[in-house]
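Hi,

Here is the structure I said I would pass on.

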Amino acid sequence: MRVVLKNPLDMHLHLRDNEMLQKVAPFSARFFSGALIMPNLVPPVTTKERLLGYKARIADAIGAESFEPYMTLFFKESYDYDFLSDIKNEILAVKLYPAGVTTNSEAGVKGVDIRRLGPVFEAMSDLGIPLCVHGESEGFVMDREAEFIPVYEKLAKSFPKLKIVMEHITTKEAVEALERYENLYATITLHHLYITLDDLAGGLLRPHLFCKPIAKRPEDRMALRRAAFSAHPKVMFGSDSAPHPREKKEAPGCAAGVYTAPVALPALAQLFEEAGVLDNLQKFVSDNAKVVYGVNPPKKEVVLIKEPYRVEREYCGVVPMFAGESLKWRVADVI
Ligand code: DOR
Ligand code: ZN
């Protein structure tokens, strides 16, 4: 059995910078036509100079591969219309992090207060710049996403022309919110389609599956699967592949993030085939994002075949999801 994926897109990717960027970028660039690059560097990507410098370093790291890094800017409440208008052609979206909710988000916003931040959302709405959001409250870790839904609703209602992407959704509440507001969209990761909290902490603790938002309950995973498997037009694949060096994961204070870029397409093919919905994978990993973001990525065809493939135990010091395990599908060719 085989499937050919045209122009796969990863609409939520952490490529990091410098040495780590050099190590991980080739894996995304090989299998994907493009990706939405997250801006949570230290310091974050908040100026045109930093953005263009980062884009140039990404171009250097991917070499000759045809791969489009769609750039994002790290949301600051100080952005004004003129600044956003000037940078608009260099970015695909602005990413908002509440301060402290995840890796390198300390420079994020303190409270998503619509009155205070309104002028920035208004400017983005007028300029047609989508807003990507890490939607978690400061509450109990399992409840953080569900508690954030009213914020999404208020945003969606107050700025009906603003495209709002709920990033890496993990709950049935978030899936349900998609139906209530025309301007709400979502990305779903590979790991949240596969795991629940049990896989992370139900037996021996598996730090390489620890991420934010944390994996939730079986009924949440079921809602995510329903949305992805049906290729819901408002749902896109975004891996949230987030590499950390092994020693930062296998540590008393384990960093949040699951590294999935090298295994994402075979693992998705396996999951969609097992669900009997392989025909919907093309929409989930490319077509939906092309429509939502209005992008036309470089041409690439990834040929996947149903043959066992043993995942590496480590890629340059980073442990991937499924490390040392066997997947049922593998990439046979990239054209
Ligand atoms: O687990 C996560 N890791 N979630 C995020 O939102 C950020 C990411 C990272 O940058 O490591
Ligand atoms: Zn992320």
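Let me start with R246, which counts as partly exposed at 28% relative accessibility. Bear in mind throughout that this is a predicted model. R246 forms a salt bridge with E314, and the closest N and O atoms of that pair are 2.9 Å apart. Since R246 sits in helix α10 (residues 246-249) and E314 in the loop between β11 (309-310) and β12 (326-327), the pair ties together parts that are 68 residues apart in sequence. E314 is partly exposed too, with a relative accessible area of 36%.

One of the others I looked at is K328 with E274, where the closest N and O atoms are 2.9 Å apart. K328 lies in the loop between β12 and β13 (330-334) and E274 in helix α11 (residues 264-274), so here parts that are 54 residues apart in sequence are tied together. K328 is partly exposed, with a relative accessible area of 43%.

Then there is K300, which forms a salt bridge with E65, the closest N and O atoms being 3.9 Å apart. This pair links distant parts of the chain: K300 is in the loop between α12 (281-293) and β10 (301-305), while E65 is in the loop between α2 (48-62) and β4 (68-74), 235 residues away. K300 is buried, with a relative accessible area of 4%, whereas E65 is partly exposed at 27%. R30 comes in here as well: R30, E65 and K300 are linked in a network of salt bridges.

Now for a charged residue without a partner. K212, in the loop between α8 (197-201) and α9 (218-229), is buried yet has no salt bridge. What is the nearest side chain of opposite charge to K212, and how far away is it? It is E136, at 6.2 Å. Leaving aside its neighbours within four places in sequence, K212 is in contact with V101, T102, H134, E136, R144, H168, D240 and A256.

D240 turns up again at the metal. The protein donors of the zinc ion (ligand 2) are H12 (NE2), H14 (NE2) and D240 (OD), lying 2.0 to 2.1 Å from it. Their spacing in sequence is H-x1-H-x225-D. H14, in the loop between β2 (9-13) and α1 (18-31), and D240, in the loop between β9 and α10, are 226 residues apart, so to speak distant parts of the chain that the pair links. Both H14 and D240 are buried.

Two notes on packing to finish. In helix α6 (residues 172-180), A174, V175, A177 and L178 are buried. They cover an arc of only 155 degrees around the axis, which puts them on the same side of α6.

As for β4, six of its seven residues are buried, so to say mostly covered. Strand β3 (residues 34-37) runs parallel to β4 and is joined to it by four bridges. In β4, P69 is the bridge partner of A35.

Cheers

How values were computed: Residues are numbered from 1 along each chain as its sequence is written. Chains are lettered from A and ligands numbered from 1 in the order in which they are written. This is a predicted model: local features need pLDDT of at least 70, side-chain atom pairs count only at pLDDT 80 or more; totals for chains, interfaces and linings use all residues. Side-chain values use heavy atoms; hydrogens and water are left out. Helices (H or I, at least four residues) and strands (E, at least two) are DSSP runs, numbered from the N terminus. Buried means under 20% relative accessible area, exposed over 50%, partly exposed in between (1.4 Å probe, protein chains only). Lys and Arg count as positive and Asp and Glu as negative; His and the chain ends are not counted. A salt bridge is a side-chain nitrogen of Lys or Arg within 4 Å of a carboxyl oxygen of Asp or Glu. Contact means heavy atoms within 4.5 Å. The arc is that of the directions from the helix axis to the C-beta atoms. Donors are N, O and S atoms within 2.8 Å of the metal (3.2 Å for Na, K and Ca); water is not among the atoms, so sites may look incomplete. Two strands pair if DSSP finds at least two bridges between them.
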